[in-house]
Amino acid sequence: MTAEAKNQHEGLPGDFAIWIFILAEMLAFGVLFVAYAFARAHDVALFNASQETLNRTSGAINTLVLITSSYFVARGVDAIKRDLSRDCAWWLGATWLLGAVFIAIKSAEFHEKFSAGITLSTNSFYMFYLALTFFHFMHVLMGMIILAVVIVKARRGGYGSRDHAGVETAASFWHMVDLLWIILFPLIYVIR
Amino acid sequence: MQYKSQAVAKPYFIAAIGLFIGQIVFGLVMGLQYVVGDFLFPAIPFNIARMVHTNLLIVWLLFGFMGSAYYLIPEETENELYSPKLAIITFWIFLVAGALTVVGYLFVPYSTLAEWTGNNILATMGREFLEQPLITKVGIVIVALSFLFNICMTLLKGRKTSISLVLVLGLVGLAVFFLFSFYNPTNLVLDKYYWWWVVHLWVEGVWELILGAILAFVLIKVTGVDREVIEKWLYVIVTMTLITGILGTGHHYYWIGAPEYWQWWGSVFSALEPIPFFMMTIFAFNMVNRRRREHPNKAAVLWALGTGVLAFLGAGVWGFLHTLAPVNYYTHGTQMTASHGHLAFYGAYVCVVITMISYAMPILRGRAANSNKAQVVEMWSFWLMSVSIVFITLFLTAAGIVQVWLQRYSDAPMAFMAVQDKAAIFYWMREGAGVIFLIGLLTYVASFFIKGETKAAA
Amino acid sequence: MSTTFTKSMARNIFYGGSVFFFLLFIALTVDTTHALPKRDNSQNITPEVARGKKIWETNNCIGCHTLLGEGAYFAPELGNVYKRRGGDNGGAEFIKGWIKAQPTGIPGRRQMPNFHLTDQELDDVVAFLKYVSEINTEKWPPNIEG
Amino acid sequence: MNANFPTLIWLALVALTLTTYAIGASDMTGSGAMLTVLFIALVKGQMVANYFMGLRHVAPGWRLLILGWFLIVGGLIALAYKLT
């Protein structure tokens, strides 16, 4: 495994280290998704019943929020490639705001569940629902921290068309967060 | 030896190997007691021999880690150790405290030892691996603080490399998590919950940082590969270690009364724990293949590669065998656990400490590497010890399977002692492998005294 | 351009990743702490149980036995010994009788030392083992043999 | 790739999300709905990975890895639902 992944096309966007982290996270989430599916196979009635109590609309809104934020961050990367440092900072700022919206919606959902006395130990469905969405929730927060660091540097013109690995690293991580939710939303909120 | 103060590491390495021999002797005593129940009874009952075996293991590994740190920190930070005198004082305090504790185990009934050493003030004794009396635990904290003070002062003054940073993070983590050994609530579930913060977050957390840092240092020295490449992969490996190991603690929380969700979290994240060990093996072989110099110390290179492979085998593969909750339900508390324990401790921590000793000792004695004759003997000791520990692991795995089959999985489970008799054949074979291990260890010690023409000092 | 792979990014991910997962572990620990009282049988911890635990520790029983599967594998699991030996009718008498009768002295067999416990200490140890046997361990061990 | 190509991708993603939501809101159950929803998730994932993440002009190995992940995870989920 050579350190610089030489390939005839362009290299992976951003820093290779983040890609090792992204693949590890996707592996962990993938295993948890499959674990959810097989745990459900043991107790379909309970899962379906508990699933009804979820707020599917807020889940859908969150999906739209994350997809749009993924679009914004892609536009941000596109902007920095054309040396538009301020535009990039603006797009990333918009992405960050949508992340905050996601956090707000999700926090409301959690609050509603916790105040209803639902915890990780209530039943198997809620364990997976709370565990997976909280694990993802923490990743959104982490993504926002990374984005914030990049936004600050971008506003100071720290990136250019030749050197924007930092922006692409943050963007790749954020897209991963969106990718995970793209599976998580239908799996937990929709399929029954 | 670039810095005079690196000589401080020598007594630590000698003490480490000495205590290692003691550990193996008591291991053999216990191995025989498994098949001849009243061997040395009542002079040394099994539980006393076990305490000495496990405590000597941990103490000699700590000596090895401290010796390694005293050797590599001056070289990494490019300045003399802050206070070699303090290091020697710490050495004697730790050695005397350890020796007194072992003497206390052997010659004083444990309950009396508890009376004398303030267990009534703060009860911390009587738990696996943490059997040390209160005063010894306090002594360990003092030794750790003075050691960390010495290392950190040296680090602050000198060059800060990633290797020394990761090593010091691991050592500080080791000291911090040891403090949980003072917490011993009456609630058994809480007691066990935080007991694992000492044991698991050591050997599947911060100790892996120490392991990674020492291995990276030795690989830079013996392969001459660019430091930037090695330190980059060191960070990736220790990142994978912590992101899987921290939540991996869950695989100890299945059956001790903690909530049921730990069965999911513990299984998933501990199943990922072999990944950093796999990466470490790839990393070690890759670096050696891309080496830019032929280092005369072939034995140290063999130990470094052995560390990668055996750590992956012992901690990775044998760990994964019984980490998933549905499997662990049957293997928990059987010989399967003991088999994983042996190969994991040897493959990961014994091997890396010996890698460092094999690399550093010749230099401390004024030559780049031992003579070829000595190195051949040392390589023999590597294969004798490694193969015999693998056989110990295989025999204990077989005993574990017998135990699971007869006592746990069957509809008509047999009583514990009856099952132990059924597995006696494997315990005999394990004892034989243990004797070969001791021969291998003595061969290793002998390799230091074999003369012959040697290369000039590095 | 080929993928960049810098040490500084690897270091940042090391710090970020470890802090992230340690916080997650703390969150799960907090939830466990809240959930424990309903399942760790701590409501049955009496002074006898506390003394029994101290006797269990100061005689290093964990050096030969396992408790809830953790310890030495030389002697039987004692997490469910109270139930195995008859529970509320006869469990206590069996355990006390067994401890007093040790060592058996049968040549070649594994020996348990005699700890010279007073009757009160024996009752305390039984109270501790009874308390341990009622902890919710997710139906572990698989059967009464432990 | 003209300027508003990403916008088209974005609109497609929104549409697919609304479709998933519609399926969820309706009382369509059974493997038909499940497979459709999983397929939509796969398509959305590929669109984000290839167009937004920029994997389109990266070595095919990485793109296959991401596609493989979706196929394996989606496949196992479908398998689990088939078992019920």
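Biologist: Is C:His116 buried or exposed in this model?

Modeller: This is a predicted model. C:His116 sits in the loop between α4 (91-101) and α5 of chain C, and its phi is near 50 degrees, a positive value in a residue other than glycine. C:His116 has 11 other C-beta atoms within 10 Å, so the residue is exposed.

Biologist: How does B:Leu40 count, with its C-beta neighbours inside 10 Å?

Modeller: B:Leu40 also has a positive phi, near 65 degrees, and is a residue other than glycine. B:Leu40 lies in the loop between α1 and α2 of chain B. Buried would need 20 or more other C-beta atoms within 10 Å, and exposed 12 or fewer. B:Leu40 has 16 such neighbours, so the class is partly exposed.

Biologist: Is the peptide bond from B:Phe41 to B:Pro42 cis or trans?

Modeller: B:Pro42 is placed in the loop between α1 (9-35) and α2 (46-77) of chain B. Omega for the bond from B:Phe41 to B:Pro42 is near -5 degrees, and the bond is cis.

Biologist: Which residues of chain C does a cis peptide bond join, with omega about 0 degrees?

Modeller: The proline concerned is found in the segment after α5 (119-133) of chain C. With omega about 0 degrees, the cis bond joins C:Trp140 and C:Pro141.

Biologist: What radius of gyration does chain B have, and what would a compact globule have?

Modeller: Chain B contains 16 helices and zero strands. Its C-alpha trace spans about 65 × 45 × 45 Å along the principal axes. For 458 residues, a compact globule would have a radius of gyration near 23 Å, which agrees with the value for chain B, 22 Å.

Biologist: What percentage of the residues in chain B is buried?

Modeller: Of the contacts in chain B with a separation of 6 or more, 80% are between residues 24 or more positions apart. Among the 458 residues of chain B, the buried share is 60%.

Biologist: What pattern does chain D follow along the sequence?

Modeller: Chain D has three helices and zero strands. Its C-alpha atoms fill a box of roughly 45 × 30 × 10 Å along the principal axes. Read along the sequence, the pattern is α-α-α.

Biologist: What percentage of the contacts in chain D between residues at least 6 apart joins residues at least 24 apart?

Modeller: Chain D has 84 residues, and 37% of them are buried. Among contacts between residues at least 6 apart in sequence, the share joining residues at least 24 apart is 61%.

Biologist: Which element gives the largest share of the side of chain D that touches chain A?

Modeller: The contact takes 34 residues from chain D and 36 residues from chain A. On the chain D side, the elements giving two or more residues are α1 (5-25), α2 (30-52) and α3 (60-83). The largest share, ten residues, comes from α1(D).

Biologist: How many charged residues has the side of chain D that touches chain A?

Modeller: By class, that side of chain D has 25 nonpolar and eight polar residues. The number of charged residues there is one.

Biologist: Over which residues of chain A is the pLDDT below 50?

Modeller: Chain A has a mean pLDDT of 91, and 95% of its residues reach 70 or more. One stretch has 15 contacts in the model beyond near neighbours in sequence, with pLDDT below 50: residues 1-7 of chain A.

How values were computed: Residues are numbered from 1 along each chain as its sequence is written. Chains are lettered from A and ligands numbered from 1 in the order in which they are written. This is a predicted model: local features need pLDDT of at least 70, side-chain atom pairs count only at pLDDT 80 or more; totals for chains, interfaces and linings use all residues. Two residues are in contact if their C-beta atoms, placed from the backbone, lie within 7 Å. Helices (H or I, at least four residues) and strands (E, at least two) are DSSP runs, numbered from the N terminus. Ala, Val, Leu, Ile, Met, Phe, Trp, Tyr, Cys and Pro count as nonpolar, Asp, Glu, Lys and Arg as charged, and the others, Gly among them, as polar. pLDDT is the predictor's confidence in each residue, from 0 to 100. The radius of gyration is taken over C-alpha atoms; the globule rule is 2.2 Å times the number of residues to the power 0.38.
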